Amino acid sequence: MTVKAYGAHAADRPLEPMDIARRAPGPHDVQIEIAYCGICHSDLHQVRAEWAGTLWPCVPGHEIVGRVSAVGGHVKGFREGDLVGVGCMVDSCQHCDDCEAGLENYCDGMVGTYNGPTDDPPGHTLGGYSQRIVVHERYVLRVKHPEEQLAAVAPLLCAGITTYSPLRHWQAGPGRKVGVVGIGGLGHMGIKLAHAMGAHVVAFTTSESKRENAKALGADEVVVSRNEIEMAAHAKSFDLILNTVAAPHDLDAFLVLLKRDGTMTLVGAPATPHPSPNVFNLITKRRSIAGSMIGGIPETQEMLDFCAEHGITADIELIRAGDINAAYERMLKGDVKYRFVIDNASLST
Ligand code: NAP
Ligand code: ZN
């Protein structure tokens, strides 16, 4: 079946309307009519070939929400009409240690929602900037938020889980001081989630204009990271710093804010490496630099349920598909509060 989508034919070409094919649902598949899809900075990295291995045409989008329109004969967990989500992956090997632990995101055979290997035409997966997607039921999430919040739920499928998982892994909670660096799509979710988990949250931003907003999101304190005096006031005080910045930068400025045994987890994935940090900033306080990639399917469901229970959604700006290229330019300038979400109904008009 042919559906409408928005994608690019080359790294230096803008995204444009295109028709793509979706398979008929197999026995374990769920067919979803996509209502909304968030725009992640990873979409921009991938479609502009800032990361290795982009395949063309590229239809990005891995913050997908919508309604089930058909299910295969063996599907047990979903029915036509259900509100569901799909995040960053649509398949994995399903039998390695990682998959068995529910950490499909770390499986070597993980298949991304776009740009991953598939038998479907054109030979690589095509993402959520499209009217419909067909996904194996194992990778489909249940949405329990009220339907009127659906557009603002979409970003939870990547920005939400990518911040929730490291916050849980490094035990953000009461009595812990947590920093969130970069207040974009991921960072604003990091603030909301760390706050809901009961941590003392400090937001780090390069944008003076986000100082007040970050407090409204749930930050207890806000630091403009270009201000050395403000930075120095937090020296040696953090248990955990979640760094979401999408560009290479000086990690030492944040490492020195960790207390003994503190960890800075990098989730931002810039196109080129950060300058190597100073080893003395690690060894003198037994500090760690770590990384984390999205989250497994069970934890993604746990995150969605946690957000539904605590009334958490993303702060979004809803756009039409024709505005995607302009939205990318604004995202590069940090000019979005805090996530663009595509109204996929606009693909058909
Ligand atoms: P975003 O909305 O563009 O937010 C990034 C924020 O970083 C900006 O709003 C800005 O916040 C800050 N920043 C500071 N200097 C910057 C610079 N020179 N260029 C860009 N940003 C700068 O991006 P996002 O969607 O949150 O994604 C952030 C990064 O995480 C991207 O690299 C993305 O690919 C990656 N990512 C990783 C995973 C994973 O699994 N690890 C998952 C999703 C995304 P301030 O204005 O507050 O300074
Ligand atoms: Zn993403």
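Predicted model: local features only at pLDDT ≥ 70, side-chain atom pairs only at ≥ 80, totals over all residues.
A pocket here is an open set of points on a 1 Å grid over the protein atoms alone, with protein on both sides within 12 Å along at least five of seven lines, while a cavity is a set where a 1.4 Å probe fits but cannot get out; lining residues have an atom within 4 Å of a point. A volume is the space filled by probe spheres set on the points, which are joined across faces, edges and corners.

Let's start with the pocket. Its lining has 20 residues, and Arg23, Val90, Thr118, Asp120 and Thr125 lie nearest the centre. Strand E8 (132-136) gives the most, with 4 residues.

Now for the cavity: the structure holds 1 of 30 Å³ or more. Among the residues lining the largest cavity are Cys88, Tyr139, Ile297 and Thr300.

| Site | Volume | Lining by class |
|---|---|---|
| Largest cavity | about 70 Å³ | 8 nonpolar, 3 polar, no charged residues |

Ala, Val, Leu, Ile, Met, Phe, Trp, Tyr, Cys and Pro count as nonpolar, Asp, Glu, Lys and Arg as charged, and the others, Gly among them, as polar.

On to helix H10 (residues 297-310). Its buried residues (under 20% relative accessible area, 1.4 Å probe, protein chains only) include Ile297, Thr300 and Phe306. Just after H10, Gly311 takes a positive phi of about 65°.

Residues are numbered from 1 along each chain as its sequence is written. Local features need pLDDT of at least 70, while totals for linings use all residues.

Notes:
Chains lettered and ligands numbered in written order. Heavy atoms only, no water. Helix = DSSP H or I, 4+ residues; strand = E, 2+ residues; numbered from the N terminus. Expected span 1.5 Å × (residues − 1). Buried < 20%, exposed > 50% of the residue type's maximum accessible area, 1.4 Å probe, protein only.
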